[in-house]
Amino acid sequence: MAGGFVSQTPGVRNYNYKLTPKVFVTCFIGAFGGLIFGYDLGISGGVTQMEPFLEEFFPYVHKKMKNAHENEYCRFDSQLLTLFTSSLYLAALISSLFASTITRVFGRKWSMFLGGLTFFIGSAFNGFAQNIAMLLIGRILLGFGVGFANQSVPVYLSEMAPPNLRGAFNNGFQVAIIFGIVVATIINYFTAQMKGNIGWRISLGLACVPAMMIMIGALVLPDTPNSLIERGFTEDAKKMLQSIRGISEVDEEFQDLIDASEESKQVKHPWKNIMLPRYRPQLIMTCFIPFFQQLTGINVITFYAPVLFQTLGFGSKASLLSAMVTGIIELLCTFVSVFTVDRFGRRVLFLQGGIQMLISQIAIGVMIGVKFGTVGTGNIGKTDANLIVALICIYVAGFAWSWGPLGWLVPSEISPLEIRSAAQAINVAVNMFFTFLVAQLFLTMLCHMKFGLFFFFAVFVFIMTIFIYLMLPETKNVPIEEMNRVWKAHWFWGRFIPDEAVGVSAAEMQQKSV
Ligand code: BGC
């Protein structure tokens with residue numbers, strides 16, 4: 001398939017390219033990076049429900065759970081246990097800050113490799129854990145791995161992909177995350193039925209498989225043309241661009257990469273520079289998009305779906321099964337984004353998905369409120385419980401084609417080269433921090449806010465939908481090194497971008513787009 005594209009943003013260029021097997025294969029392998037994050041997201045919730053695991057490491061929590069006669073909202077509230085889940089995200093937060101330098105100085109692929117390696121060692125610590133210390137060291141190493149991978153993979157995919165299919169290729173990361181979650185949930189389903197300590201050991205130890213996949217993948221992957229130029233390998237970069245675009249005539253795109261790199265060389269301190277007014281839109285977006293993504297409340301479902309379903313009165317096996325169903329729905333619905341994000345654009349998906357999540361969250365809150373009230377006692381009938389599961393699926397579907405993939409895509413594609421690694425580090429760090437907070441606080445919040453928790457997240461979904469409507473310009477089809485023009489054309493952000501940053505006449509920019 002040959003092709004240029006018609007851009008809707010004034011002054012943005014078209015490049016020619018062919019869709020080559022090479023770009024498919026490299027992005028497919030690159031996307032493996034999402035597997036380790038997904039596997040961990042999916043495995044922790046189930047493992048912390050396994051009795052042998054609790055008896056071994058958290059006997060107090062185990063005893064408390066067995067004797068719980070409290071109200072439904074507070075059945076599983078334990079800070080210590082949630083710290084096991086959430087500690088990983090603090091480690092990921094810290095490592096993403098180092099990872100940004102490695103990604104910039106040594107290239108994207110070595111960050112991915114390091115991510116796989118530390119995750120691999122972490123999985124061994126966890127699988128063979130004899131005491132809490134081993135368990136925690138393992139968690140921290142896993143977190144380092146996730147930080148490195150999440151820092152480098154989205155940027156890698158965005159740089160490799162042809163501009164007008166960047167959304168679809170980048171969404172491969174989210175597909176891999178959800179695939180990891182689903183596989184982990186299925187593994188937990190079986191290991192939870194095993195007697196003794198073997199079940200949780202298998203669940204935690206098998207994290208070595210996605211770790212090996214990303215390690216081997218990173219070794220065979222080439223680096224992106226952008227990163228090769230950034231590190232002075234100009235000739236190699238041109239050859240790489242020709243081979244991934246499938247044509248020898250890549251001069252225009254290549255020149256844009258060179259220009260972007262020249263400009264980025266003026267910037268010695270990406271961390272200091274990202275604070276300059278001209279990078280204000282990127283700074284705000286890389287802080288707010290991950291913040292909002294977590295405040296959708298999605299990880300309440302990811303981590304605690306089994307707990308939530310038990311709270312609704314399902315047996316523990318049925319709960320794990322329902323968690324599997326929501327995971328599979330999320331996976332399927334992520335493909336909706338893969339196939340539409342470059343056609344309809346990011347904004348349409350963000351807005352539609354936001355409205356869908358808002359409505360379903362309010363409905364879930366109302367139903368749980370009516371059934372359990374504020375006291376948290378009561379019984380929920382089968383039909384009502386099934387209705388709530390259906391509403392959860394509708395909510396998850398909305399997330400799957402909006403904030404899930406776009407929360408990683410948009411921050412990775414909006415920054416010029418000189419601040420890209422720093423911006424992605426902020427994105428990962430903010431994301432991990434709020435993943436940590438939600439994981440850590442959810443059970444306490446459920447205990448205190450009760451069904452109001454769903455309204456709490458609904459309020460944020462409402463705010464973020466308005467935020468996108470007003471503040472995010474459409475970025476579909478825009479070459480990644482041309483993104484400044486999009487900001488310049490935006491009604492609000494335009495004032496922060498100096499004319500020389502876009503190299504076009506001010507008259508051209510008069511035609512503003514959203
Ligand atoms: C989010 C995670 C979430 C996952 C699955 C990702 O995009 O960053 O926090 O658990 O999607 O829903």
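Start with the ligand and Gln293: an oxygen atom of the ligand sits 2.8 Å from an N or O atom in that side chain. Such a polar contact is a pair of N or O atoms within 3.5 Å. Now pick Asn299, where a side-chain N or O atom is 2.5 Å from a ligand oxygen. At Gly404, a polar backbone atom lies 3.4 Å from an oxygen of the ligand. The protein covers 100% of the 310 Å² of accessible area that the ligand has on its own (Shrake-Rupley method, 1.4 Å probe).

Before moving on: this is a predicted model, where local features need pLDDT of at least 70 and side-chain atom pairs count only at 80 or more, while totals for chains, interfaces and linings use all residues. Residues are numbered from 1 along each chain as its sequence is written, and side-chain values use heavy atoms, leaving out hydrogens and water.

Next, select helix α7, residues 132–160, and helix α20, residues 403–413. Helices here are DSSP runs (H or I, at least four residues), numbered from the N terminus. Their axes are 9 Å apart at an angle of about 70°, which makes α7 roughly perpendicular to α20 (65 to 115 degrees). Axes are lines fitted to C-alpha atoms over the stretch in contact, and angles run from 0 to 180 degrees between N-to-C directions. Show Asn150, Pro154, Val155 and Ser158 in α7, which meet Trp408, Leu409, Ser412 and Glu413 in α20 (contact: heavy atoms within 4.5 Å).

Look for Val23, Thr26, Cys27, Gly30 and Ala31 in α1, meeting Val153, Tyr156, Leu157 and Met160 in α7.

Key:
Helices (H or I, at least four residues) and strands (E, at least two) are DSSP runs, numbered from the N terminus. Angles under 35 degrees count as roughly parallel, over 145 as roughly antiparallel, 65 to 115 as roughly perpendicular and the rest as oblique. A polar contact is a pair of N or O atoms within 3.5 Å; within protein, one must be able to donate a hydrogen and the other to accept it, and residues adjacent in sequence count only if both atoms are side-chain atoms.
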